[in-house]
Amino acid sequence: MALKLGELTAFLRADSTHLDRGIKEARGKMQAAGERAREYAPVVGAAMAAGIGAGLLGGMNLEAARAKLSAQVGDPALAQQLGEAAGRVYGRGFGQSAADAMTAARSVMQAGLLPKGADAAVIEDLTVKAQTLAQTFDLDVTQAARAAGTMVRSGLAGNAQEAFDILTRGMQVTGDQAGDLLDTFSEYSTQFREVGISGPKAMGMLAQAVKAGARDIDTAADAIKEFAIRSQDGSKTSADAFKALNLNAKEMTATFAKGGPEADKAMALVLDRLKAMKDPVEQRAAAVALFGTKAEDLGDALYAIDPTTAVAGLGELEGATNRAGDALEKTASQRLESFKRKAQQALVEKLGQAIPTLEKVGTWASENSGTLLTVAGVLAGLAVTVWSVNAAMAAWNAVQLISTGISKGAAAAQWLFNAAMYANPVGLVILAVLALVAGIYLLWTNSAAFREFF
């Protein structure tokens with residue numbers, strides 16, 4: 001049964017004679033135990049200090065990253081909203097550091113990916129998507145968000161989620177061996193829109209070209225850009241090329257100038273007519289006239305592009321980024337990292353709440369330095385109490401083993417976190433030290449034998 005502080009004080013004052021006798025009898029045992037503990041205390045203490053220090057450092061890095069984000073954004077309310085979302089993203093194990101999570105949240109905001117009135121859940125979700133894309137494919141998160149934002153603004157994607165899904169599938173299908181996929185969509189999204197093709201279709205067409213031997217994604221995208229220009233410039237060169245394909249030059253120019261779905265269909269028709277040409281010399285001339293010198297760079301890869309099958313070639317597009325993120329979060333390494341980061345955040349939060357009390361303790365300590373010197377000697381003699389950490393460490397190890405067997409379920413995850421917080425030896429030691437200091441204070445003020453003993 002728990003004994004309240006007031007009750008303990010009353011007990012000590014009422015029964016000081018028995019207490020004095022008990023302390024005298026325990027003197028020899030405590031001294032012997034202290035000698036034995038002297039061998040182990042430095043090792044255990046160093047390990048505990050390292051653990052607490054790492055936790056404080058990780059949590060304080062998060063606080064520093066939040067402060068930097070606030071300075072970068074300039075809007076305190078928005079910065080707080082972004083910071084809270086980024087903190088949760090970091091707590092889920094995404095990013096190499098707290099600064100990475102903050103950068104991801106800021107990039108999502110600055111890329112224009114946040115819908116109007118976006119709440120914390122939406123910000124967190126989109127930040128996770130940006131970080132998932134960057135983390136999965138070793139990309140810069142700012143470039144990833146910029147590419148997605150350009151796709152949304154140009155109309156290639158209906159929203160941020162679709163943009164991230166397109167980029168994720170593009171990375172998975174093409175491999176992005178030249179490292180130019182993000183830059184391609186940042187640069188050429190407007191040109192894709194000019195010829196009426198959607199984001200999924202543009203990605204599918206680029207993937208077709210790369211699989212057929214195109215040097216890189218940028219070369220295929222540049223060819224489409226040239227076509228967007230030449231198909232509506234009304235030049236004699238373009239007109240002759242349309243005629244060579246048995247197409248009405250005036251009508252085709254008007255169709256491509258208008259853009260939209262009709263331009264999309266017209267581009268598919270042009271490619272079909274090019275593929276059907278029998279004379280390779282005439283075919284090459286028509287291709288260069290409409291696609292520029294990039295037609296020569298692409299070679300036969302140009303004729304592998306088929307707008308009608310491009311989207312199907314991407315496979316399951318919807319939810320691609322979510323699936324990638326879920327795969328990351330299910331790994332043992334990220335689950336353990338997430339657990340550690342949540343513990344760090346909780347430690348810093350609790351310390352922040354304790355600052356007023358710590359300030360009062362500091363004031364008392366400065367006014368009672370002589371007493372503290374005596375208490376320091378007491379703590380050295382009672383180093384054996386550190387042995388109690390062994391049981392706490394066993395509980396901590398058990399929780400870590402249990403965590404590997406828990407793979408899904410919000411209730412299970414919450415149970416794991418709560419159990420660890422209670423079993424964490426750092427928390428137990430803090431409670432033990434507080435109890436020890438309170439006990440020493442009461443003994444010192446109520447027992448002459450205790451004062452004489454030390």
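In the predicted model, helix 5 (residues 120-137) packs against helix 16 (residues 320-329) at an angle of about 75 degrees, and their axes lie 9 Å apart. Axes are lines fitted to C-alpha atoms, for helices over the stretch in contact, and angles run from 0 to 180 degrees between N-to-C directions. Helices (H or I, at least four residues) and strands (E, at least two) are DSSP runs, numbered from the N terminus. Helix 5 and helix 16 are therefore roughly perpendicular to each other; angles of 65 to 115 degrees count as such, those under 35 as roughly parallel, those over 145 as roughly antiparallel and the rest as oblique. From helix 5, Asp125, Lys129, Thr132, Gln135 and Thr136 meet Thr321, Asn322, Ala324, Gly325 and Leu328 of helix 16, contact meaning heavy atoms within 4.5 Å. By class, this contact of helix 5 with helix 16 has 2 nonpolar, 6 polar and 2 charged residues. Ala, Val, Leu, Ile, Met, Phe, Trp, Tyr, Cys and Pro count as nonpolar, Asp, Glu, Lys and Arg as charged, and the others, Gly among them, as polar.

Residues are numbered from 1 along each chain as its sequence is written, and side-chain values use heavy atoms, with hydrogens and water left out. As the model is predicted, local features need pLDDT of at least 70 and side-chain atom pairs count only at pLDDT 80 or more, while totals for chains, interfaces and linings use all residues.

The protein chain has 22 helices and 0 strands. Of its 454 residues, 41% are buried, that is, under 20% relative accessible area, with exposed meaning over 50% and partly exposed in between (1.4 Å probe, protein chains only). Among contacts between residues at least 6 apart in sequence, 72% join residues at least 24 apart.

Residues making the contact include Ala144, Ala147 and Met151 of helix 6 and Leu182, Phe185 and Ser189 of helix 8. The contact of helix 6 with helix 8 divides into 5 nonpolar, 6 polar and 4 charged residues.

The largest nonpolar core has 72 residues, of which Leu167, Phe185, Phe192, Phe256, Met267, Val270 and Phe291 touch the most other members. Such a core is a set of buried Ala, Val, Leu, Ile, Met, Phe, Trp, Tyr and Cys residues joined through side-chain atoms within 4.5 Å. Not counting residues up to four places away in sequence, Phe192 touches Leu156, Thr184, Phe185, Ile197, Ala202, Leu206, Ala221 and Ile224. Another core, of 10 residues, lies apart from the largest one and has Leu82, Ala86, Ala98 and Ala105 among its members.

In helix 9 (residues 199-211), 11 of the 13 residues are buried, so this helix is largely enclosed by the rest of the structure. Among the buried residues are Lys201, Met203, Leu206 and Gln208. The cover over them includes helix 7 (160-174), helix 8 (181-194), helix 10 (217-230) and helix 13 (260-276). Just after helix 9, Gly213 takes a positive phi of about 115 degrees.

Helix 10 contains Asp222, which is buried with a relative accessible area of 12%. Not counting residues up to four places away in sequence, Asp222 touches Tyr188 and Lys294. Glu226 is also found in helix 10, and its C-alpha atom is separated by 8.0 Å from that of Lys294, 68 residues apart along the chain.
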